[in-house]
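Thank you all for coming; I would like to walk you through one structure today, slowly and in plain terms.

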Amino acid sequence: MSVTPGLTDLSRLYQTEFVRSARAVGVLWAICTLCFAIIQVVVLVQPSWIGTTDTRQQGAPIGTLGLFEVCVESDWPVPDCRGGLSSLAPLPSFQSVAVLVGVSLWAVWISVLCLCLFRFCSAATVYKICAWLQLTAGFCLALACLLFPDSWDSPEMRALCGDSVGSFSPGHCSVHWAYILAILGVLDAAILATLAFVLANRQDALLPPDAKDVTTGLLMSA
């Protein structure tokens, strides 16, 4: 059965609008993926996962703690920090957490580099590769967020937060913005991966106009 001219025009108009929408959503997804990669770097390097509160004991140090260094306020404007990312040696109690965040960082930056594959591979394939990489990044980051409170019973935490510290008990400290940012990163990875899978599964709608017309005509004649 032949396809009517009106149906052909409607089909082409739908496809054009769908292509524009898919490209716009794809660009937004790519920008959010890059932002997520930058967030991962900040989460890894910032010594602001844990910090002291006003309930600390008198004379106790004031400072913050991350995966690679402990920073304590001093008489100088710049805090006194021990450790650092330059040595590539995380704090002993947080080595497993740092490895998981590092794997998550590696996965998400690989997904950013995979954006270059749009020139050489089909869009659906690239979206699926990036989606699985982002799922891996989110899974590793989620494990890191779960293991981090379990590692609080450590000498570094006791020196900063008092002797009442323990697993899932920060003592006289509280979680700071870097840890909260890591938790938000898990949600971000889940949303980006889901969106990538949706974009990949809808690439079959981006068919040439003739193929789309034939498909529409067959559906209407059924």
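What pLDDT does the protein average? The average is 81, and 78% of the residues score at least 70, where pLDDT is the predictor's confidence in each residue, from 0 to 100. That brings me to the ground rules: this is a predicted model, in which local features need pLDDT of at least 70 and side-chain atom pairs count only at pLDDT 80 or more, while totals for chains, interfaces and linings use all residues. Residues are numbered from 1 along each chain as its sequence is written, and side-chain values use heavy atoms, with hydrogens and water left out.

The confidence is not even along the chain. Where pLDDT is low, the predicted coordinates should not be read in detail.

Now to the overall layout. The secondary structure comes to six helices and five strands, taken as DSSP runs numbered from the N terminus, with helices being H or I over at least four residues and strands being E over at least two. Read along the sequence, these elements follow the pattern α-β-β-β-β-α-α-α-β-α-α. Of the contacts between residues at least 6 apart in sequence, 67% join residues at least 24 apart. The accessible surface, from the Shrake-Rupley method with a 1.4 Å probe and, for residues, with only the protein chains shown counting as cover, comes to about 12,300 Å², and carbon and sulfur atoms account for 67% of that. Buried residues make up 39% of the 222 residues; here buried means under 20% relative accessible area, exposed over 50%, and partly exposed in between, again with a 1.4 Å probe and protein chains only.

Let me turn to the cysteines.

Cys71 counts as buried at 6% relative accessibility, whereas Cys81, at 35%, counts as partly exposed.

The other is formed by Cys161 and Cys173, whose sulfur atoms are 1.9 Å apart. This pair links Cys161 in helix 4 (residues 155-161) with Cys173 in strand 5 (residues 173-175), 12 residues apart. Here the torsion about the S-S bond is about -100 degrees, so the disulfide is left-handed. Cys161 is buried with a relative accessible area of 1%, and Cys173 is buried at 6%.

Next, the aromatic residues. The structure holds eight aromatic pairs, meaning rings of Phe, Tyr and Trp (its six-membered ring) with centres within 6.5 Å, where planes under 30 degrees apart count as stacked, over 60 as edge-to-face and the rest as tilted. The rings of Phe148 and Trp152 have their centres 5.9 Å apart and their planes at 90 degrees, so that pair is edge-to-face, and both residues are buried. Phe148 also pairs with Tyr179, with centres 5.3 Å apart and planes at 35 degrees, so this pair is tilted. Because Phe148 lies in helix 3 (residues 123-150) and Tyr179 in helix 5 (residues 177-201), the pair ties together parts that are 31 residues apart in sequence. Ring pairs link Trp49, Phe94, Phe148, Trp152 and Tyr179 into a cluster.

Finally, the record. An unreviewed UniProt entry lists "transmembrane region" for residues 21-45, 97-118, 130-149 and 177-200; the positions are given in the numbering used here, feature names are shortened, and annotations may be inferred rather than shown by experiment. In the model, residues 97-118 are 77% helix and 0% strand, with the end C-alpha atoms 33 Å apart. Residues 177-200 are 100% helix and 0% strand, and there the end C-alpha atoms are 34 Å apart.

Methods:
Disulfide = S-S within 2.5 Å. Contact = heavy atoms within 4.5 Å.
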